[in-house]
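This report describes the structure shown below, beginning with the contact between its chains.

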Amino acid sequence: MIALASLLSGLVFGLGLIVSGMANPAKVLGFMDLAGHWDPSLAFVMAGAIAVGSVAFLAARRRSMSLLGAAMRLPSSREIDRRLVVGSVVFGVGWGIAGLCPGPGLVALGMGEAKALVFVLAMLAGMGIFELIERRGRQS
Amino acid sequence: MSIDWNHFTPLAALAGGALIGLAAAMFVLLNGRIAGISGVLGGLLRPSKCDIGWRAAFLLGLVGAPSLYLLFAVLPRPQIDAGYGTLVLAGLLVGLGTRYGSGCTSGHGVCGLSRLSPRSFVATISFMGAGFATVFVVRHLLGI
């Protein structure tokens with residue numbers, strides 16, 4: 001059941017990325033180009049997502065178990081550290097040079113785009129490098 | 001700055017955003033987890049955990065969404081202007097950065113802001129700011 005719910009969530013998420021225009025890097029870059037010919041659409045994507053999401057998270061916070069009986073695992077860390085900021089800035093630079101973040105990369109891959117495959121493989125490599133560095137850090 | 005009215009699609013953006021919010025809502029209410037795409041994907045690279053099933057299912061849904069969309073409408077083709085070298089660099093930075101920063105546009109941007117997480121607020125400001133700055137440098141300073 002959990003796997004089925006995950007599959008459905010992924011499908012709806014992907015449909016949302018396509019409908020909203022987020023899956024199109026040219027549109028994402030048009031939103032980030034404040035100094036050029038600015039397309040404000042993606043602010044509306046965030047507004048729509050947060051409007052629906054905030055209701056769900058209000059409900060989720062009051063529960064200790066999910067509707068399917070899984071433990072509610074919401075992040076509890078409140079620490080704002082260098083990792084959070086530096087990591088996010090590195091992500092933002094990568095996002096800004098190609099217009100792809102992880103979700104749209106996977107959706108564009110599902111559209112059969114060869115360029116998306118290259119992006120996703122490089123992203124997996126980046127995540128793999130992170131795992132290797134973390135593992136080495138834990139051993140020493 | 002001038003507004004690009006020709007490409008401005010507020011209704012589609014709102015509707016698509018609502019679908020993304022619905023997906024995040026389903027994921028947390030049914031599975032009890034944050035629908036953070038970089039976290040779901042990155043977690044697959046830690047083979048010690050026995051949670052491969054739901055992770056793979058969620059990612060399969062994302063990759064399969066265009067096929068589902070195709071049943072109802074003509075699929076819009078994404079316009080990826082970046083060259084292959086740029087895409088490799090972008091992918092490496094996105095992979096490394098999202099894992100170090102514990103999240104991406106979905107986990108921090110959508111879910112984190114929805115639950116008023118201060119960490120996610122800082123992360124979102126950081127990656128959005130870096131994204132805006134990068135596009136400014138690339139398009140207006142380097143002129144690429």
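## Contact between chains A and B

The contact draws 108 residues from chain A and 104 residues from chain B, two residues being in contact if their C-beta atoms, placed from the backbone, lie within 7 Å. On the side of chain A that touches chain B, at least two residues each come from α1 (2-20), α2 (25-32), β1 (37-38), α3 (41-61), α4, α5 and α6 of chain A. The largest share of this side, 18 residues, is supplied by α1(A). Its composition by class is 73 nonpolar, 26 polar and 9 charged residues; Ala, Val, Leu, Ile, Met, Phe, Trp, Tyr, Cys and Pro count as nonpolar, Asp, Glu, Lys and Arg as charged, and the others, Gly among them, as polar.

The model is predicted: local features need pLDDT of at least 70 and side-chain atom pairs count only at pLDDT 80 or more, while totals for chains, interfaces and linings use all residues. Residues are numbered from 1 along each chain as its sequence is written, and chains are lettered from A and ligands numbered from 1 in the order in which they are written.

## Strand pairing across the chains

Strand β1(A) is joined by 2 bridges to strand β1 (residues 2-3) of chain B, and the two run parallel; strands pair if DSSP finds at least two bridges between them. The bridge partner of W38(A) in β1(B) is I3(B).

## Nonpolar core

The largest nonpolar core has 86 residues, of which F119(A), I20(B), A23(B), A24(B) and A90(B) touch the most other members. Such a core is a set of buried Ala, Val, Leu, Ile, Met, Phe, Trp, Tyr and Cys residues joined through C-beta atoms within 7 Å. Helix α1 (residues 10-31) of chain B gives the most to this core, namely 12 residues.

Apart from its neighbours within four places in sequence, A23(B) is in contact with S9(A), V12(A), F13(A), G16(A) and A35(B).

## Helix α6 of chain A

Helix α6 (residues 114-139) of chain A comprises 26 residues and spans 38 Å from its first C-alpha to its last, close to the 38 Å expected at 1.5 Å a residue; the expected span is 1.5 Å times one less than the number of residues. Its buried residues (20 or more other C-beta atoms within 10 Å of their own) include F119(A), V120(A) and M123(A). Among the elements covering the buried residues of α6(A) are α4 (82-98) and α5 (102-110) of chain A, together with α2 (37-43) and α4 (84-100) of chain B.

## Chain A overall

Chain A contains 6 helices and 1 strand, taken as DSSP runs (helices H or I, at least four residues; strands E, at least two) numbered from the N terminus. Along the sequence the pattern is α-α-β-α-α-α-α. Of the 140 residues in chain A, 54% are buried.

How values were computed: A residue is buried if 20 or more other C-beta atoms lie within 10 Å of its own, exposed if 12 or fewer, and partly exposed in between; C-beta atoms are placed from the backbone.
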